[in-house]
Amino acid sequence: MEIADKILAGDRKAIAELITLVENNSPKAIKYLASIYPYTGKAWVIGITGPPGCGKSTLIAQLTKEYRKQGKKVGVIAIDPSSPFSGGAFLGDRVRMQEHSGDRDVFIRSMGSRGSLGGVARATSEVTKILDASGKDIVLVETLGVGQADVEIAKTALTVVVVTMPGTGDEIQAIKAGIIEIGDIFVVNKADLPGAEQVVANLEMMLAREGGWKPLVIKANALQNLGIPELVNAIQKHLEYLKESNQLAAKLKEKTRIEFMEIVKQNLTNYILEKVIAKHDFEEFVERILKRQIDPYSAAAKLIEKL
Amino acid sequence: MVEEGKKIRVLIAKLGLNGHDRGAKVVARALRDAGMEVIYTGLHQTPEQVVESALQEDVDVIGLSLLSGAHLTLFTKVMELLKKESLENIIVLAGGIIPEEDVTKLKEIGIAEIFGPGTDTKDIVEFIKKKLKKWK
């Protein structure tokens, strides 16, 4: 059986191996991704983002439990930072998801960010497709958790859950651009800590939007399994809203457009770099720019002209 | 900065009723600093959980740490399950408190090397790199 057929049949080893190929940017991966593509688009991809230590992994473990109760198959992608110095990474999200490691209908994959910015790994979108094609109903993506810049997930997920907790700052933090704008649902986790009500109030004030989807704010205590059914409910409401308001089709089209454009850009960049570097012009220009014989702006224009 | 390409992936697992993971974390950090992606399972794992995690994470190496004395039983079970899942190519290393007389037995069941207390973490890094020959 081809690796792609195995993935469609839900073979865990094949899923794991293709993810590795994609992470390593192997040329073989493209062929396999192409053959599973027609079978994607069924899973609901949910992004979970928020600052470090706010309880994202614990929340994901509880969400997984809730979805398993409904008989749904769950995929989890947990991203942790790679070191910019050694390239190594310590991937610790499984620690909070232990109870699911024996369940064959839950597939958890830890990924290092490998130099990507924006809170997800370069291969994240491809990995969601692999899990999708393998028959997962829900794919949960946990972002790095560096905070305000974790916005790339909005390109991949259909529902974005922003997790926060009391004590992470006053309402000034809530006004800042970025993370607050991508959330469809906000979870104030560790709601047993003092100040939770204030965080909820601040969020609700900031999130007041005219028309369209009004982001829901949920109080939770993931460790105590409080607020989890409410969160699942909120995700369901968001899904139904997107479908009923006809926004889902538009959202999917926009996602497809962005993704296709990125792939075109990537291919174009690779194509041009191969041509330029193979001709040695690039290195020659570097020398000339270094000696101030030419400026880098004119050099770039000249280089592209030659193509 | 980091270049793209293959990365050595290692699962560090704590088996059974044994709550001390200082050693496991020290090793995990050393491997991380050597450029590897280290997945830590957390405490109290069953052999089934360890093997399933290794499968899903597609690791090259498993590091098993145990200080409770149940190593022969639990490590044997891990090796059996790896075979069952056709994951024999994963290099399995052991650490913790392993009596001298058990080292041969563990090597017989397929554990590649045993790193006891006092091991220099550099030796573990070197051992893995040499075995995998992915890096110089």
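Hi everyone, let's start inside chain A: A:Thr124 sits in helix α5 (residues 124-133) of that chain, where helices (H or I, at least four residues) and strands (E, at least two) are DSSP runs numbered from the N terminus. Before I go on, this is a predicted model, in which local features need pLDDT of at least 70 and side-chain atom pairs count only at pLDDT 80 or more, while totals for chains, interfaces and linings use all residues. Residues are numbered from 1 along each chain as its sequence is written, chains are lettered from A and ligands numbered from 1 in the order in which they are written, and side-chain values use heavy atoms, with hydrogens and water left out.

Back to our residue. Is A:Thr124 buried or exposed? A:Thr124 counts as buried because its relative accessibility is 0%; buried means under 20% relative accessible area, exposed over 50%, and partly exposed in between (1.4 Å probe, protein chains only). Leaving aside neighbours within four places in sequence, A:Thr124 is in contact with A:Ile77, A:Ile79, A:Met111 and A:Val141, contact being heavy atoms within 4.5 Å.

B:Ala24 lies in helix α1 of chain B, and with 4% relative accessibility it counts as buried. Not counting residues up to four places away in sequence, B:Ala24 touches B:Ile12, B:Lys14, B:Tyr40 and B:Ser65. For B:Lys14, the C-alpha to C-alpha distance to B:Ala24 is 7.7 Å, with the two 10 residues apart in sequence.

Now, the place where the chains meet. Chain B brings 30 residues to the contact and chain A brings 32 residues. About 2700 Å² is buried between them, 47% of it from carbon and sulfur atoms; that is the accessible area (1.4 Å probe) that two parts lose on being put together, summed over both.

How many salt bridges are there between chain B and chain A? The count is seven, a salt bridge being a side-chain nitrogen of Lys or Arg within 4 Å of a carboxyl oxygen of Asp or Glu. One of them joins the side chains of B:Glu37 and A:Arg114, at 2.7 Å, N to O. On chain B's side, the elements giving two or more residues are α1 (22-33), β2 (37-40) and α2 (47-57), and α2(B) gives the most, with six residues.

Finally, strands. Strand β3 (residues 89-91) of chain A runs parallel to β2(B), joined by three bridges; strands pair if DSSP finds at least two bridges between them. Within β2(B), B:Val38 is the bridge partner of A:Phe90.
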